[in-house]
Amino acid sequence: MADEITVFQAVGGEQFFFDLVDRFYDGVESDPILAPMYPADDMSGARERLTLFLIQFWGGPSTYNESRGHPRLRMRHFPFRVTREARDAWLSHMTDALDSMEAPQAAMEMMVDYFVQSAEFMRNVEEDETPPPEAL
Ligand code: HEM
């Protein structure tokens, strides 16, 4: 990837992220593990939050921070049980969505690497740990 341009520029700007997240959420909405975690009455809000975050993260405008503040993503995922299974489901919808998009190879590779790492970072359940009391 040339040093002088961002991934945001390499993929042609914000439309790429709107399309990517649309495709990603089409998968999430029919996923038996993930769908129940999302606010059924605010899926468009969830789509917008992820889209704006990714636009900002990859070098576009910082609208996400202006409306949501610092991302603190790991903390914002604490209310959800992000198991290995949930992580893998999330990642598989995201890689399917990426595979359906056109972008320069180097930008694609950076995004895949980032999603693999950040999905693991969001995991907050050790599979062999004792379930929390409410699950007993
Ligand atoms: C690993 C599995 C993951 C699961 C199960 C998961 C699930 C969720 C859920 C249920 C929400 C709340 C939806 C909402 O915004 O109302 C959410 C929010 C969000 N997630 Fe994830 N997520 C995962 C990984 C990731 C990753 C890897 C990223 C970033 C690369 C990410 C970025 C976000 C963002 C930006 C929000 C909105 C935060 C906010 O401003 O409130 N998530 N996620």
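The model is predicted, so local features need pLDDT of at least 70 and side-chain atom pairs count only at pLDDT 80 or more, while totals for chains, interfaces and linings use all residues. Residue numbers start from 1 along each chain as its sequence is written.

**View 1. The shell around the ligand.** There are 22 residues around the ligand, and Met 37, Ala 46, Arg 49, Phe 53 and Trp 90 come nearest (near means a C-beta atom, placed from the backbone, within 6 Å). Which helix gives the largest share of the shell? That's α3, with five residues. At least two residues each come from α3 (43-57), α5 (73-76), α6 (84-99) and α7 (105-122); helices are DSSP runs of H or I, at least four residues, numbered from the N terminus.

**View 2. Arg 72 in its loop.** Look for Arg 72 in the loop between α4 (63-68) and α5. Its phi is near 40°, a positive value in a residue other than glycine. Buried or exposed? Arg 72 counts as exposed because it has 10 C-beta neighbours inside 10 Å (exposed means 12 or fewer other C-beta atoms within 10 Å of its own, all placed from the backbone).

**View 3. α6 packing with α7.** The axes of α6 and α7 sit 10 Å apart, at an angle of about 165°; axes are lines fitted to C-alpha atoms over the stretch in contact, and angles run from 0 to 180 degrees between N-to-C directions. So α6 is roughly antiparallel to α7 (the word covers angles over 145 degrees).

Definitions and conventions: A residue is buried if 20 or more other C-beta atoms lie within 10 Å of its own, exposed if 12 or fewer, and partly exposed in between; C-beta atoms are placed from the backbone. Angles under 35 degrees count as roughly parallel, over 145 as roughly antiparallel, 65 to 115 as roughly perpendicular and the rest as oblique.
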